[in-house]
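Hi,

Here is the structure I promised to pass on. Have a look at it first, and then read on for what I found.

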Amino acid sequence: MSNGNAAAEQPDPPLIGHEMGRATKIINTVLLIVLLTVSVAWVVLMSNLPRVDGTIVLSGIRQGASISRDSLGVPRITARSPTDAYFALGWTHAQDRMWQMELQRRAGAGRLAEIVGEPGLANDRFMRTLGIYGLAERAFPKLDEASRSALTAYAEGVNAWIANNRYRLPLEYIALGFRPEPWKAADSMVWQKMMALQLAGNWHDDVLRGQLGRSLDPKRVQELFPGYPQDAPVTLSPDGGRALLDAQPTAASPMPASNIWVVGGSRTDTGKPMLANDPHLALRAPVLWYLAEIEAPGLTLSGATVPGVPFHIVAHNRRIAWGITATQADTIDLFVEKLVGTDAYKAPGGAKPFLNRDEVIRVKDAADVTMTVRESRHGPILSDLIAKDVAGPGEVVAFASSLLTEGDLGMQALHRLNLAADWTGFVAAVKDLQAPVLNLGYADSSGNIGFYTAGLVPIRKAGNGMTPARGWTGEGDWTGWVPFAKMPQSYNPRSGVLVNANNKVTPDKYPHLITATWSDGYRAQRIRDLLEAKKPLTLADMSAIQGDALSLQAVELKDLLTGLDFKSKPSRDAAHLVAEWNGRADHTRPEPLIFAAWFNRLNRVILADELKERFDSLGSPRAQTLVEILTRRRHWCDDISTPEPESCEDQIERSLDLAVKDLSETWGPDMGKWTWGAAHQAGFDSAILGKVPVLKHFANLEIPSDGDEFTIARGTYRPDAKATSFTQTHGPGLRAVFDLGNLANSRFVIATGQSGHPLSRHYSDMIEAWRDNRLIWPTQGTARTALILEHGR
C-alpha cells in the first residue's frame, strides 16, 4: 500500500531536459542562419575579386592578348597589336581599380552628388564652374589619330570589363546602389586637368596675401611672402577670402611635390646613366599608382600607370626612361572684375558682357541644383560660388588658368613620350604638354641624360601673380606663353648630375617668370650632398637616397632653439634630446616628435596673434619664415595681444613648455618611450568603404613612417589641434629607380598594393616594403596566373 502510494505521489517528469533541447535547437538554428548569412556575404564579397586566369571570349578585342600576374599582382600584358594592348590595359585597370576610376571621372566632371547626395555638391559646383570636363571632351578631336585610337581602345577594354561584370562590381557600387556608365575618352583626359589643379602654384596663397593686405602693413606681408608687392592694388575681405578657399574641394587642393635626379654614366658603377623618381601626392587607399608591363609590336613599356589613363606616366620603354616632378609654376591668377550693371563687367576697352552657361547638377535623394556660370575674358567667376563679397562692393573674382585653355594636347604628349626613342623624340613629345607644368628627367641607354621643364607658363603684362589683379585695367593680363624653346632645360651637363625636388629651376638672370614663390631647397640640397658623398653610384645607392630621412630644416632650426637655459626640467630634458639629435626623422625615435611639436607650437605662438583668423589658412609651418624671424625679423616674436613685450627667447621657451606638457598628456611622462612613428602614421583612407562600420577596419590602412615635410623620404603631416599627433597625409606613393645599363634591373614600389579591393591580398601587400624603402618589383620567378582575352563574337 505504501509502495503504491509512493508511486502515486511521484512528481511529473522534469521539463528541464525538454526545455534545454528546445533551446539548443533554437540556438543551432540561429547559428546556422548567421553562418549562412556570413557565408553568403563572404561569397558576395569575394566574388568582387577579379578573375585572373582562364580564357574570356570578347567581341571588342581584335587579335587577342594575355594578362599574366606575378606574386604582387602586377600584370604583364602581351598583345599582338598596340590596340589590343591598350584594350587589355583598360580591362586590367577596371578589374583592379574600377572604383578609383569612377571617383576620378565623377570628381572631374562634377557629378559626385549624383551618387553621394549633398556632400558631393561642393565638388560639383566648383568643377562645373571651371568646366574642365567639357574642355576634355572638346580636346579629344584635336589629338592625333594614334592618340585617339589608343584612348578609344582603352575605353573599349574598360567597357568590356563593365559589360562582363555587371554582378561582380566593387563593393562601393553595391553600397551606393548604382552601376557604372560606359567609359569615354574624356573620362581619361579629365584626370590630367585635375592634376593640373593639384600641381599648380598655390593660388591659396594669392587669396591669403589678398586678405592679409587688408589687415597688415604691406612690409609685414612681404616679410612673410618675399616678392609681395608693397603697392598691391587689390585686397580681399577676410570672410570672403575664407569662403573662397572653403569652396575649393579636396580633389582640387594644391599638393605639389616630388623628387627626381639623374646621374650620367661617369658617376655610376655600370658606366650608364641611372634615374630615380618619387612623385609626392596625397596618400589614399588604394594609392594613385598602378604598376604594369606591356609587350606588343612597337610598344614595350614597364613602370607606373594611373588607372583611368592608357599611358605610362613614370616608366621606361627599353630605350629611354623618364620621371616627373611638379615645377610649381604659377599658372593660376585671380582677377577682380568691376561690375557694370548685372550682366557686364568693366574692361580696358569698355564694358563687356559675361558669357553665361547653365549647369544642372543632379543630387541623390534631393532636387536638382541649377547654377549659372558667368565667365569674363579672364575666366569663370569663382566668387559666384559663395554668397559673400570677396573683394569690394560691385566686384567679383575671376579664375584664370592655363588648364582652362582650349585644345589641350597633354594626352598626346604622354602617348608620344611612351614611344620616344631618344632625346629628340622626348623633346618633341613634351612640347605638347599644356598643364600641369612639369619637370621631366630623362636618360637613355646610349648614355645621355637630360631635363626639360614643359607646359604653358603665362607671360604677364605686369606683376608677378602673387596677388589678385585689377581686371578692368589690363595690367595683369596674360599676353602669351613662355616659348617652349626658352623653357628651362639641360642636356648632358658637364657635372653629370641633374636634381630637382621642386626647387628653383631657373638661373637668376632667366628672362621669364616661372613663379615668384619657389619651394625651400632642403630636399634638393640633401640629394646633392648624398650624390657627392659616394662614387661610383650603384642602383642600391640611388634607392637608399630615396629613403633618406635626415631633415636639413630640422638641423638648421634646432640650433636656433636649443641654446637656452630652460627653467623647467622636462623642457631642459626635451631640449637636450633635440640638441643631441642628428636630424633624422626616424619613426623609432622620440626626438622627431619633440621637434615637430615644438616647431608647430612655435609657429602658432609667433604668428597667430597678428594673423588672427587667417593663421589657419597659412597651412603648414614655413621653415624659412621662422628662420628669418628668429635671426633677422625678431619683432614678430612680440605678442601684440599682451601689454608686456616678448622676446624670441621667451616664445621659444613658452612653446617648448606647451609642447612637452601636451606630449606628456598624450604619450605619457617618459620621453624615452615616445616615438615619432606612434604619432606619425602614414594614413591611407578609403573614400567610401573607409566610412562603413566593420569594413573601415579593412579599407583604411596606416603604418608608422619616417620623414617630415623637408626630408627626401617626404612625410608631410597634418597635426591635430594640440600638435601631439601628426598623421602623414602626403608623400611618395611611388618610388622608381632606372638602370640604363640594364633596364630589366630597374626597381619599383608603390605605397599600398595593386588592388582596390580591401579583401584582396594585393590591397596592402606592398605597404611595409614601401615604408622600409624596399623596391620589390619586378619580382623574381615566373607568373602566378594568366588570363587570355580572346576575340570572338
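The secondary structure of the protein chain consists of 24 helices and 29 strands. Please keep in mind that this is a predicted model.

On overall shape, the radius of gyration is 30 Å, which agrees with the value near 28 Å that a compact globule of 793 residues would have. The C-alpha trace spans about 120 × 75 × 70 Å along its principal axes. Among contacts with a separation of 6 or more, 70% are between residues 24 or more positions apart.

As for the surface, 58% of the 793 residues count as buried. The protein chain exposes about 32000 Å², and 53% of that comes from carbon and sulfur atoms. If you are thinking about charges, there are 83 positive and 88 negative side chains, with the centres of the two sets 5 Å apart.

One element I looked at in detail is strand 4, residues 257-263. How many of its seven residues are buried? The count is seven of seven, so to speak a mostly covered strand. Ala257, Asn259, Trp261 and Val263 point one way from strand 4, while Ser258, Ile260 and Val262 point the other way.

Strand 4 also pairs with two others. It runs antiparallel to strand 5 (residues 274-282), joined by seven bridges, and there Asn259 stands opposite Asp278. Strand 22 (residues 497-500) is antiparallel to strand 4 as well, with four bridges between them; here Val263 has Val497 as its bridge partner.

Best wishes

Definitions and conventions:
Residues are numbered from 1 along each chain as its sequence is written. This is a predicted model: local features need pLDDT of at least 70, side-chain atom pairs count only at pLDDT 80 or more; totals for chains, interfaces and linings use all residues. Side-chain values use heavy atoms; hydrogens and water are left out. The radius of gyration is taken over C-alpha atoms; the globule rule is 2.2 Å times the number of residues to the power 0.38. Buried means under 20% relative accessible area, exposed over 50%, partly exposed in between (1.4 Å probe, protein chains only). Contact means heavy atoms within 4.5 Å. Accessible areas come from the Shrake-Rupley method with a 1.4 Å probe; for residues, only the protein chains shown count as cover. Lys and Arg count as positive and Asp and Glu as negative; His and the chain ends are not counted. The place of a charge is taken as NZ of Lys, CZ of Arg, CG of Asp or CD of Glu. Two strands pair if DSSP finds at least two bridges between them.
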